[in-house]
Structures are given as C-alpha cells and as structure tokens.
Amino acid sequence: MSQTDPLAPIALSCGEPAGVGPELAVKAAKLLAGTVPFFWIGDPCHLPKDALFEEIASPAEALGIAPGALPVLHHDFPAEVRPGKPDLDNAQSVIDVIRRATALVQTGEASALCTAPIHKKVLKDGAGYAFPGHTEFLAHLGGVERVVMMLACTELRVVPVTIHIALRDVPEAFTPELLEETIRITAADMDRYWGYANPRIAIAGLNPHAGEGGAMGTEEIDWMIPLIDRLKAQGFDLTGPMSPDTMFHSRARAGYDVALCAYHDQALIPIKTIDFSGGVNVTLGLPFIRTSPDHGTAFDIAGKGVADPSSLIAALKMAQDMALTARKAR
Ligand SMILES: NC(=O)C1=CN([C@@H]2O[C@H](COP(=O)(O)OP(=O)(O)OC[C@H]3O[C@@H](n4cnc5c(N)ncnc54)[C@H](O)[C@@H]3O)[C@@H](O)[C@H]2O)C=CC1
Ligand SMILES: NCC(=O)COP(=O)(O)O
C-alpha cells in the first residue's frame with residue numbers, strides 16, 4: 001500500500017447499547033462527514049429513530065458511504081434496549097462486538113479500533129467479564145502481557161501506571177518493574193504514533209509532596225529515585241518524582257510531553273478537569289491502534305439527544321492521525 005492510498009476505515013464498537021454510544025456514533029458520522037471514515041458495529045435498532053445509516057457487508061464499503069451516512073456492520077443483540085437501563089442479557093453481545101472489531105483491525109480490514117464506552121459491572125454481572133475494562137481485554141486479544149493506558153487532550157497527556165484497582169492496593173501494585181515497563185512502552189509509542197524520538201516524561205511521586213524527603217512516605221527514596229536515575233543514564237528524558245499536586249498547572253505542563261502517575265485518579269482528575277469533552281483514551285503497547293472517548297456510558301442522559309460527541313470525534317481523529325504517522329514511519 002502506498003502513502004497516498006486511503007487508510008482502511010476505523011472500526012467503532014457500539015459499547016453498552018443502553019448508554020450514549022449509539023447516539024454519539026450517529027452524531028460523529030454527521031459531523032465528520034467522511035473526513036475520518038469509520039463504521040459502527042452494532043444493532044441498528046439501537047440507533048436514534050432519525051439516524052442516517054446504511055448497512056454494509058464488509059468494512060471496505062464504509063469508505064464510499066461515510067460521507068453521507070453512518071456505515072453499520074450489523075450485530076444482533078438478544079434483548080430490547082431501553083436507554084439508561086442496561087439489560088444483563090445484552091452483555092455477551094457487547095463483548096462479542098469488541099472481539100469482532102478487534103479481529104477486523106488485526107486482519108487489516110480496519111486501520112484502527114475505536115471503542116464506545118462499556119459498563120464494566122454490567123459486563124461482569126451479565127457475562128462474567130473477567131477484565132477491569134477494555135484495556136486488559138485488548139491486551140489479551142492482542143497477545144501481549146503489558147499495555148499502558150494513556151489519556152490525551154490538547155494540553156496534557158497522562159498515564160495511570162496502576163489502573164482500575166482499589167486505592168488500598170496501589171502501594172503494592174506500584175512496583176519498580178511496572179513503572180519501568182510503563183516508561184519503556186510509553187516512550188516507544190510516543191515515538192511510533194506521535195513522532196517524539198525521546199519524549200520528556202514526568203513522573204509523579206506516590207505520596208503527598210513526593211514523600212517530602214521521607215517525611216510522608218519512602219517509596220520515592222527507596223526505589224523511585226534510583227530507578228529514574230538508572231533509566232536517565234540509559235538516555236530516557238525523565239523528571240521526577242514530582243509532587244503530584246503541583247505538576248499539572250500550565251507552566252509545569254510545558255516542561256513535559258507526558259506525565260506518568262501512580263494511580264487512576266492522580267492521572268484522570270487533572271485531564272478530565274482540564275478538558276472533559278475533548279479527552280481521548282489510548283491504549284499503548286498493543287499490536288494495533290485503539291482509542292476511545294474518555295467518558296463513560298452516561299446512563300443519566302442516554303436517549304435524551306443531549307450527549308456531546310466531542311470526545312468520540314477526538315478519539316476517531318486521533319486514531320486516524322496515529323495510523324498515518326505509523327504508516328509514514330514504515
Ligand atoms: N472507555 C470506557 O468504556 C469507559 C467506561 N466507563 C464506565 O462508564 C460507566 C459510568 O461511569 P461514570 O463514572 O458515571 O462516568 P460517565 O462518564 O458515564 O458520566 C459522568 C458524567 O458525565 C456526563 N457525560 C459523560 N459523557 C458525556 C457526553 N458525551 N456528553 C455529555 N455529558 C456526558 C454524564 O452525563 C455524567 O453526568 C462506568 O461503568 C465506568 O466504568 C467510564 C469511562 C470510560
Ligand atoms: N477510567 C477510564 C476507563 O474506565 C476506561 O477503561 P478502558 O475500558 O479503556 O479500559
């Protein structure tokens with residue numbers, strides 16, 4: 001394939017059908033008008049009544065249809081969908097759609113995977129879903145041990161080193177091995193997908209004030225500083241451990257390209273505060289591209305027509321940009 005050939009379309013999984021996913025897919029298709037060709041995998045009866053869509057038999061057909069309507073690869077769901085009221089009987093189909101979309105990316109029929117939000121507890125209760133979210137399921141499907149969750153908006157990129165675990169489990173899960181692997185995966189994919197040959201990586205301390213010289217915790221002294229010094233000697237551009245409370249104001253953000261944080265909320269609170277509607281969730285370390293809006297299923301507004309498609313649109317655009325950058329580097 002040459003650099004000027006069109007990319008294959010992006011596969012968008014429907015996510016939880018009782019959430020805002022179906023409505024957002026239609027809004028994104030209308031606003032993007034084919035500039036970022038994608039197709040939606042789901043049951044068309046879950047789309048809003050006035051939705052402009054056309055069923056396709058294969059992903060390639062999406063390229064011609066995307067400028068005028070949402071291309072839909074049909075996937076049946078067993079139970080009726082009521083907005084805001086998830087049905088456990090649909091949980092297995094939600095999982096099957098993610099699996100199907102991933103398979104299409106793995107065969108090259110789709111250039112990237114974009115996932116609409118799932119409800120993790122619904123999948124666990126309805127289908128015994130054994131993963132905390134998409135991230136770990138996609139690692140399983142991609143055959144890799146370790147992946148990295150990154151959230152990105154125009155002003156900030158953050159990585160939670162530990163992800164969906166209880167706060168009390170963080171100190172044990174946040175290990176030198178995990179931090180080192182996260183640094184290596186983040187640096188490699190920042191180069192591969194965004195062209196940062198040696199990204200500036202800031203690392204948050206685990207404790208308040210990054211431990212304040214051991215007065216408020218010793219992980220920083222015990223192993224974070226030695227690890228950071230060792231990797232700096234290998235050429236990584238690292239800063240830290242930084243005080244988590246003072247590393248996200250605008251002047252501090254200018255000093256790094258990505259911030260690694262010890263746990264979920266240390267990373268996601270700043271980015272969702274700075275840009276709730278434009279943030280994108282990206283999985284690094286996979287053998288394929290995956291992005292997602294950074295919000296959830298929003299049951300409280302599902303079916304009301306008021307959901308904001310900005311984050312999904314940003315996720316689709318980012319997937320396209322990543323695919324183009326990766327292709328150029330080949
Ligand atoms: N990638 C994924 O699959 C994600 C899934 N989730 C899951 O979603 C479920 C619900 O999570 P919550 O914490 O309630 O977060 P949420 O993001 O679904 O909702 C939080 C608030 O933001 C609003 N909101 C969310 N998206 C919006 C949009 N596009 N336009 C306008 N307002 C919007 C909602 O109405 C609600 O008031 C959970 O099961 C969570 O695990 C959460 C984040 C990402
Ligand atoms: N808080 C981020 C989130 O829940 C997304 O998780 P995932 O489904 O992308 O693993």
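Colleague: How does the shell around ligand 1 divide into nonpolar, polar and charged residues?

Modeller: Keep in mind that this is a predicted model. There are 17 residues around ligand 1, and those that come nearest include Pro 117, His 295 and Asp 308. By class, the shell divides into six nonpolar, seven polar and four charged residues.

Colleague: Which residue is the bridge partner of Gly 42 in E4?

Modeller: Gly 42 is at the end of the run 38-42, which is strand E2. E2 and E4 run parallel, joined by three bridges. In E4, Gly 42 is paired with His 74.

Colleague: And on the E3 side, which residue in E4 is the bridge partner of Phe 53?

Modeller: Strand E3 covers residues 53-56 and pairs with E4 in the parallel sense, over four bridges. E4 itself spans residues 70-74, and four of its five residues are buried. The E4 partner of Phe 53 is Leu 70.

Colleague: Now the domains: which helix gives the most to the side of domain 1 that touches domain 2?

Modeller: Domain 1 takes in 1-147 + 280-330, while domain 2 is 155-274. Their C-alpha centres lie 29 Å apart, and eleven residues of domain 1 are in contact with eleven of domain 2. The helix giving the most to that side of domain 1, with four residues, is H11 (residues 310-329).

Colleague: How many residues on that side of domain 1 are charged?

Modeller: That side, the one touching domain 2, has five nonpolar and four polar residues. The charged ones there number two.

Notes. Residues are numbered from 1 along each chain as its sequence is written. Chains are lettered from A and ligands numbered from 1 in the order in which they are written. This is a predicted model: local features need pLDDT of at least 70, side-chain atom pairs count only at pLDDT 80 or more; totals for chains, interfaces and linings use all residues. A residue is near a molecule or strand if its C-beta atom, placed from the backbone, lies within 6 Å of it. Ala, Val, Leu, Ile, Met, Phe, Trp, Tyr, Cys and Pro count as nonpolar, Asp, Glu, Lys and Arg as charged, and the others, Gly among them, as polar. A residue is buried if 20 or more other C-beta atoms lie within 10 Å of its own, exposed if 12 or fewer, and partly exposed in between; C-beta atoms are placed from the backbone. Helices (H or I, at least four residues) and strands (E, at least two) are DSSP runs, numbered from the N terminus. Two strands pair if DSSP finds at least two bridges between them. Domain bounds come from an automatic or database domain assignment. Two residues are in contact if their C-beta atoms, placed from the backbone, lie within 7 Å.
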